[in-house]
Amino acid sequence: DVDRPTAAAIPGRLLRLVGMDRALAAVLFAVLVLRTESKIREPTIWVEDGFYLADANRHGIPSIFEPQNTFLHVASRLTTFLVSRLTLTYYPIVTILLSVAVATVICMQVRRLLGGRWGALAALSIVLVPSDPEVFGLPSYLFWWLGVYLMAIVIAPAGNVESRSPLLLATLVASAALSGPFAITALVFLAIRFLLRRRVDWWSDRLTAITITCLVGSVAQLIVAAVDETANNSSLGVGDATTWVLRLIGSYWAGIRLPELEALFTWLSVAVVAAVVVRTRRLPAPVCALWLMFSVTAVQSALRVDPAVLSPIDVAPRYFFIPYVLLGWIVAYGIAALSARMSLVASVGMVVVLVANVAPVRDRAGVAQHWRTYLASCESFPSLRVPIAFDGTNPWKPNSLAGTLTLSRGECTAPLLDRLWRPGGAQVAHALAEGGTAPGGVVVCESRGGDAAGFTRRPAEDPRLTGLVELTSQDSTVRGPTLRV
């Protein structure tokens, strides 16, 4: 007789068949998609993406090295430049899915760098950070994910770093060093690690190469920050910094549901760490490094935005991302150090708590901007003002430079794939008008001359279509008879 697998054994056999890493990658990708659902369903571009796209159209390749908000963002700008040369019609959805794919790769690299149960739980905790998913699925925020990768390298065992693909390692480290401020943070800890090492092979040692790369990137970022007129000059007192760091610890566990218990969770967490230190009479080096990096990145966030107004839901939730990730890794390290059975129970408990905290902020519902509808109309006008999302929740605001992107007819028709194939469908009369507030509507071209007087507004056939119309086009090539907004 052939033994039949029990129901309890089937999941284990499936995991062995598929592979643990592949199963984890599938879960990570699925969670990332769930947390970017609105962006995927209504693809548009956000403020910084609009800046990058406008700069790429205006300046070409040199735009890749233009600073934004004090720092270089080479990874995001390079993504924008390359994708915009292929397509503008599908630029939002391509860059969103590409950002999700990059985040999945980085999470899997964290899993392999940290290794074992710690790495698996740490990777999962990244996609379950209990804050609004502002940094998920946006090419302009790739630097946050690259920063996570650098933090993992700082604490990863040397053998795990050496075993990574050299091409992927070089690509991610170089991109991280030239994207955002986290190369500076990582450099400090990499330098300490470098000085503490007993033997260094200058020619083949990857950690040495990574440290040098971060040094070069940090010098470039500091030079840009020194000359950038928009550099932030905020100050933060020691007391305020301490309060903010402690508040982050409590808010990680209290989440969105129990903000009134932040202080309780803070001191419980501090007490648990203190008890572990007293009992074991030591604090492992990775945990010490993680606590220091958590404190440093938390202070970095508070230097950008007043911590009194920061919120994981409403106000700049991106500044919670890196500190929350590092807190998750600290907890995951402690869980991985337990016995196999206790570690499994504690891991399930941690995931349950994080899922419960994430549920209220799983996704950020957006307002449809109808990017493809506008792009389909672009060649009918000398230039077109296309609406972009301000923060994913607010519709375009009249007179807001952050709310529209002006594209010329040549820019709209230049991308390779858009020249080969441009889908048909609804079109719009022109860009959004200042002061226009009527929801929905159909603009009918009653005159082939294209004069403004030839357009009239009529009730919308589809109430889901929302738009504002500027009836100022003098272009005689406007296509009718019906142009939707």
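**Entry 1: the β1–β2 loop**

I began with Asn69, which sits in the loop between β1 (67-68) and β2 (71-72). The model is predicted, and I read every value below with that in mind. Asn69 has a phi near 55 degrees, a positive value in a residue other than glycine. I noted this because most residues other than glycine have a negative phi. Thr70 also lies in the loop between β1 and β2. Its phi is positive too, about 90 degrees, although Thr70 is not a glycine.

Next I asked about accessibility: is Thr70 buried or exposed? Thr70 is buried, at 4% relative accessibility. Asn69 is partly exposed, with a relative accessible area of 37%.

**Entry 2: Gln221**

Gln221 belongs to helix α12 (residues 206-227). How much relative accessible area does Gln221 have? The value is 0%, so Gln221 is buried.

**Entry 3: Thr80**

I then moved to helix α5 (residues 74-86), where Thr80 lies. Thr80 is buried as well, at 1% relative accessibility. Which residues does Thr80 touch, not counting those up to four places away in sequence? I found Tyr52, Leu53, Ala56 and Tyr91.

**Entry 4: salt bridges**

I turned to charged pairs. Side chains of opposite charge can pair when their charged atoms come close. The count for this model is 7 salt bridges. I looked up three of them in detail.

Arg111 pairs with Asp21, and their closest N and O atoms are 2.7 Å apart. Arg111 is in helix α6 (residues 91-114) and Asp21 is in helix α2 (residues 20-34), so this bridge links distant parts of the chain, 90 residues apart. Arg111 is buried, with a relative accessible area of 15%. Asp21 is partly exposed, at 24%.

Arg112 also forms a salt bridge with Asp21, with closest N and O atoms 3.3 Å apart. Here too the pair links α6 with α2, and the two residues are 91 apart in the chain. Arg112 is partly exposed, at 31% relative accessibility.

Glu134 counts as buried, because its 6% relative accessibility is under 20%.

**Entry 5: helix α2**

Asp21 sits in α2, and I checked that helix next. α2 has 15 residues. From its first C-alpha to its last it reaches 21 Å, close to the 21 Å expected at 1.5 Å a residue. Ala23, Leu24, Leu28, Val31 and Leu32 are buried in α2.

**Entry 6: nonpolar cores**

I moved on to the nonpolar side chains. In soluble globular proteins, such side chains tend to be buried together. The largest nonpolar core here holds 88 residues. Which of its residues touch the most other members? Trp145, Phe321 and Trp329 do. The largest share of this core comes from α8, which gives 12 residues.

**Entry 7: cysteines**

How many disulfides does the model have? The count is 0. Cys107 is buried, with a relative accessible area of 0%. Cys288 is partly exposed, at 30%.

How values were computed: Residues numbered from 1 in each chain as written. Predicted model: local features only at pLDDT ≥ 70, side-chain atom pairs only at ≥ 80, totals over all residues. Heavy atoms only, no water. Salt bridge = Lys/Arg side-chain N within 4 Å of Asp/Glu carboxyl O. Helix = DSSP H or I, 4+ residues; strand = E, 2+ residues; numbered from the N terminus. Buried < 20%, exposed > 50% of the residue type's maximum accessible area, 1.4 Å probe, protein only. Expected span 1.5 Å × (residues − 1). Core = buried A, V, L, I, M, F, W, Y, C linked by side-chain atoms within 4.5 Å. Disulfide = S-S within 2.5 Å. Contact = heavy atoms within 4.5 Å.
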